[in-house]
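Please examine the sequence and the model displayed below. The paragraphs that follow lead from the helices to the strands, the charged pairs and the surface.

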Amino acid sequence: MLDWSRDDLSKKSGVGISALMRFEASEGVPAGKIQTLQLVQSAFEKAGIEFIGTPESQAGVRWRR
């Protein structure tokens, strides 16, 4: 949706590339510190992405309206 590289997301979120790679490799909700996941989520939200649903029911993303 945003056409960001790992490096772009790392710079925008403050999360290291190795942590992002671990997140990408995981199934479902990635394991890690909640603060780290919140940094990634915040970077996406600042770019206009909205997280919808829950991990258990209809999880997804869309452009914020």
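Helix H2 buries the residues Ala19, Leu20 and Phe23, where buried means under 20% relative accessible area, exposed means over 50%, and partly exposed lies in between (1.4 Å probe, protein chains only). Helices (H or I, at least four residues) and strands (E, at least two) are DSSP runs, numbered from the N terminus. Viewed down the axis of H2, these buried residues fall within an arc of 100 degrees, so they line one face of the helix; the arc is that of the directions from the helix axis to the C-beta atoms. The face of H2 turned away from this buried side carries Arg22 and Ala25, which are exposed. The cover over the buried residues of H2 includes H1 and H3. The model is a predicted one, in which local features need pLDDT of at least 70 and side-chain atom pairs count only at pLDDT 80 or more, while totals for chains, interfaces and linings use all residues. Residues are numbered from 1 along each chain as its sequence is written, and side-chain values use heavy atoms, with hydrogens and water left out.

Helix H1 can be read in a similar manner. In H1 (residues 6-13), the buried residues are Leu9, Ser10 and Ser13. They cover an arc of only 100 degrees around the axis, which puts them on the same side of H1. Lys11 and Lys12 are exposed on the other side of H1. The buried residues of H1 pack against helix H2 (17-25) and helix H3 (34-46), contact being defined as heavy atoms within 4.5 Å. Just after H1, Gly14 adopts a positive phi of about 80 degrees.

The segment before H1 contains Asp3. With a relative accessible area of 74%, Asp3 is exposed. Its phi is near 60 degrees, a positive value in a residue other than glycine. Asp3 and Arg22 are 19 residues apart along the chain, and their C-alpha atoms are separated by 19 Å.

Attention now turns to the strands. E1 (residues 49-54) contains Phe51. Five bridges join E1 to strand E2 (residues 57-63), and the two strands run antiparallel; strands are taken to pair if DSSP finds at least two bridges between them. E1 and E2 form a hairpin, with two residues between them. Within this pairing, Phe51 stands opposite Val61 in E2. Strand E2 also holds Gln58, which has a positive phi of about 55 degrees although it is not a glycine. Gln58 counts as exposed because its relative accessibility is 70%.

Which charged side chains pair in this model? Side chains of opposite charge can pair when their charged atoms come close. A salt bridge is here a side-chain nitrogen of Lys or Arg within 4 Å of a carboxyl oxygen of Asp or Glu, and by this rule the count comes to three. In one of them, the side chains of Glu24 and Arg6 meet at 2.8 Å, N to O. Glu24 lies in helix H2 and Arg6 in helix H1, so the pair ties together parts that are 18 residues apart in sequence. Arg6 counts as partly exposed, at 38% relative accessibility.

Another salt bridge joins Asp7 to Lys11, with the closest N and O atoms 3.0 Å apart. Because Asp7 and Lys11 are four residues apart in helix H1, about one helical turn separates them. Asp7 is partly exposed at 35% relative accessibility, whereas Lys11 is exposed at 64%.

Glu50 lies in strand E1 and Arg62 in strand E2, so the pair ties together parts that are twelve residues apart in sequence. Glu50 is partly exposed, with a relative accessible area of 25%, and Arg62 is partly exposed at 29%.

Finally, the surface has a nonpolar patch formed by Met1, Phe51, Val61 and Trp63, with about 410 Å² of accessible area together. Patches are made of residues with over 30% relative accessible area and no salt bridge, with like charges joined within 9 Å and nonpolar side chains (Val, Leu, Ile, Met, Phe, Trp, Tyr) within 5 Å. Accessible areas come from the Shrake-Rupley method with a 1.4 Å probe, and for residues only the protein chains shown count as cover. Phe51 counts as partly exposed, since its relative accessibility is 37%.
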